[in-house]
Amino acid sequence: MTARTARGLAATTLAAALIASAAACSTPGAGGPAGAAAADSVVVGIATEPESLSPLLGYGKDGNSKIFDGLLTHDASMRLRPALAVALPEVSRDGLTYTYRLRQGVRFSDGTPFTAADVVFTYRTILDAKTNNAAKTELDAVESVTRQGADRVVFTLKYPYAPFAERTVLPIAPEHIAGRQDVNSGEFTTRPVGTGPYVLTAWSKGEKLSFRANPDYWGGAPAVKKFTMAVIKDDDVRATRLRAGELDGAVLPPNLAKGFAHDKGRTTLAATSFDYRNVTLPTLHEVAGDPAVRRALDLAVDRTAMVDKLLDGAGKPAYGPVPTDSPWFTKGTERAHDLGRARRILDAAGWRPGADGIRVKDGVRAAFPLWYTSGDKLRQEHALAYASDAKKAGIEITTEAGTWEVIEPRMKTEAVLAGGGSPADPDFDQYLLLKSTLGGDGFNNMARYDNPAVDKALDEGRRSGDRTVRKAAYDTVQRELVKNPGYTFLTHIDHLYVVGNRWKNLTTQVEPHDHGLGSGPWWNVEKWQPAT
Amino acid sequence: MARMTGRRVLLAAPVLLTVTLGVFAAAALSPFDPVKAYAGTAGLTASQETLDQLRDNLGADRPFLTRWWEWLGSALTGDLGTSAVMRRPVADVITERLGWSVLLAGTAFLVAVLLGAVLGVLAARRPGRLLDRAATAAAYTLEAAPAFWLGLLAIWFFAVHLGVLPAGGLTDAGADTVTAGQVARHLVLPALVLAVSQLPWFFLYVRQGVADALAEDPVRGARARGLAERTVLLGHALRAGMLPTLTLVGSRVPEVITGALLVETVFSWPGIAAATVEAATSVDFPLLAALTVLATAAVLAGNLLSDLLYGLADPRVGFDG
């Protein structure tokens, strides 16, 4: 044996020893599910991290915040249920005042009692001009909020707003803590204190949020004592860490969720959603603004193919902001893929095929650009499929990618592949999308849709407290959209979650466009029970 | 040596000033809109009135020179301002994260330099032999491999396939407290990946430097005098071969910072790198400025360090001035 081989041997042995010791010291608690498998703890992988945990800045505004409670909350089928209020609000006959009676004996996790003053503080702070809450537009209807005695809060509205109660799921912050700090940057934004089922124990930014159960929760102590949300931005990494056993569950895109389809230890849950993808057809564009072109596109697009090919079946064709399985959907407004009819509509409107197959009318080519946000693969695929379907009808759509900064100045006259969706009330999406007075207001009514019949129905729908009147109003809107679509709605997208089988009877809620922390099967983690 | 250090530190002040001014100007010119970044998805349904109010509150429409001057004034008194995107004081954001980035980048850097030097000397000793050919080929391949991809590969192999190391995070996902043992175990993969992605540079430089030195007269003279192989290799050749590498050490600092960004993302490492990108794309002036100062200072310190080492390693090089 020469000196060299001896040294080589020593090096190899050393390396082997290092690897072995690394393996050895990792055995307890690691090496897969063991780390996460403590009977009463759950670790889930999420894709996005909130900037702030302060409800005053918009955190948890749609309910389900875990650390906080709202006056009301949603059950599995998105019906409103009382939370910090003891019952649903009393609404005055004119629809202008909402009175909530508050639950007594509730305490914030620091032991301080929850009172009507906290409710008033929360809403007033959000509405304050100095508070940097981008979602405050949602409370536009509120004229004032006052307390009556110790256990009543009264909201007075500027105009009758039927879905107002849906807005009161937003979390209540403690005045005695949040009221003493800078609302935009104070410590409360990262160390929240609430009345909710869980208490935040640590937030390692960019890595995870850790919670422990609140044993004194007014709704009963949760069975899951420790709950961790690991922040893993990359889809592939999330899937890999789920497979490695470090996570009990995770949100995954369809193509990666498919890899777990035959995994006996894990179940895939598909949450149906109001999350739509649509194409805005700018009213001011000479081609896209023509009702004949809009109707033709509506019929030329093959929605079923998009669901099958782009979403791997995890979704539904969309004919408007309301998904087909919602009680608010107007039956009979589904449009089948009908290229022949699309062509006939264009022929009748005077759009004649030109030499290159693209139609022309009065010297104008049936062509317009369609923008999508760069880097969003799903939107890109939708845009390309839409352009290819349109081409078959003789309309040329050029797809272009850009950031919102590039797209925004062009929204007035060029098409955009947009997304959105808010399940709580039909008013939330439709009013912002279709009301003519909101044309070009921020990102609202991007298509500058202007239809007096729709405007009237939207007002009826938002003002009337009577459900049958509201249903009729939204039926009108959906029927008008068939005659003159301002948008081509393409798909509603299911959100997929893969979860281990250690817990029973997991459910999902209908989800909005936004993947908040409260989405996914862990929307009610405080109610989870062990499977055995 | 002390004089050189002092002069460099003095020179750093105007450099840092210029760089921050440049950052403010570049950010102001960038197409990104701070209000949109702040509002996120809520901005897509917010009324124009709300957006205008936000713009006013954030001071987003004021000229960048004003903002820079104000930032400078308060930064000099120790107030780094508030990060709009993190909703926290900038000082808090940085103290929370900087340590973990320094730990990761420092460990990786050290591993890369040491491993690169050892492999380089071994390869240069017998050019063209198996070790040399294998290591050189591997180095060129690694140079082309993105750190991000190496990270995924490492997770697949060590975490999923072998199950010996955690795939990400600072501690076990379910753990509440940060213990040294856990951090050490979680540091292995990201630091290794970052080190391996930097390794080729050091290895190739050392190998070339030592190989060149071995062919030079002083080494041949030393051999002729009958000095031991070890003395020739470490005392003469490595010393000469390390010189270009020392310059490299300083100039690789920015690379390690950018490499750390990708590695931190893949391994959910709670460091400062991810915050940097967010600060830039959200035009978060205060956070961006503070991070730029840090990065610039790191680069300046890196250069100073390599010059100092250079002077120490080769007395002929002296310290400037």
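Strand S14 of chain A and strand S21 (residues 487-493) of chain A run antiparallel and are joined by three bridges in this predicted model. Helices (H or I, at least four residues) and strands (E, at least two) are DSSP runs, numbered from the N terminus. Within S21(A), Ile493(A) is the bridge partner of Gly315(A). Residues are numbered from 1 along each chain as its sequence is written, and chains are lettered from A, with ligands numbered from 1, in the order in which they are written. The model is predicted, with local features needing pLDDT of at least 70 and side-chain atom pairs counting only at pLDDT 80 or more, while totals for chains, interfaces and linings use all residues; side-chain values use heavy atoms, with hydrogens and water left out.

S14(A) and S21(A) belong to an open sheet of six strands. The order is S14-S21-S13-S20-S18-S19 in chain A, and the pairing is mixed. Two strands pair if DSSP finds at least two bridges between them. Strand S14 (315-317) and strand S19 (396-402) of chain A are the edge strands, each pairing on one side only. From one strand to the next, the twist averages 25°. Axes are lines fitted to C-alpha atoms, for helices over the stretch in contact, and angles run from 0 to 180 degrees between N-to-C directions. Helix H8 (residues 303-310) of chain A lies across S14 and S21 of chain A. The helix runs at about 35° to S21(A). Contact means heavy atoms within 4.5 Å.

Chain A also holds an open sheet of seven strands, again with mixed pairing. Its order is S8-S9-S10-S1-S11-S22-S12. Strand S8 (198-204) and strand S12 (266-271) of chain A stand at the edges, each with a single partner strand, so one side of each has no neighbour in the sheet. The twist here averages 20° from one strand to the next. Strands of a sheet pair through backbone hydrogen bonds, either parallel or antiparallel. Strand S1 (residues 41-46) and strand S11 (residues 249-252) of chain A run parallel, joined by two bridges. Ala250(A) in S11(A) is the bridge partner of Gly45(A). Helix H5 (residues 235-243) of chain A lies across S1, S11, S12 and strand S22 (495-500) of chain A. H5(A) runs at about 155° to S11(A).

Gln478(A) lies in helix H14 (residues 467-483) of chain A. Its relative accessible area is 7%, so Gln478(A) is buried (buried means under 20% relative accessible area, exposed over 50%, partly exposed in between, with a 1.4 Å probe and protein chains only). Not counting residues up to four places away in sequence, Gln478(A) touches Val322(A), Trp328(A), Phe329(A), Thr330(A) and Thr333(A).

Chain B has 13 helices and two strands. Its C-alpha trace spans about 85 × 55 × 35 Å along the principal axes. Of its 321 residues, 45% count as buried. Among contacts in chain B between residues at least 6 apart in sequence, 72% join residues at least 24 apart. The accessible surface of chain B comes to about 14900 Å², with 69% belonging to carbon and sulfur atoms. Accessible areas come from the Shrake-Rupley method with a 1.4 Å probe; for residues, only the protein chains shown count as cover.

Ala134(B) sits in helix H6 (residues 130-144) of chain B. Its relative accessibility is 45%, so Ala134(B) counts as partly exposed. Gly6(B) is 128 residues from Ala134(B) along the chain, and their C-alpha atoms are separated by 44 Å.
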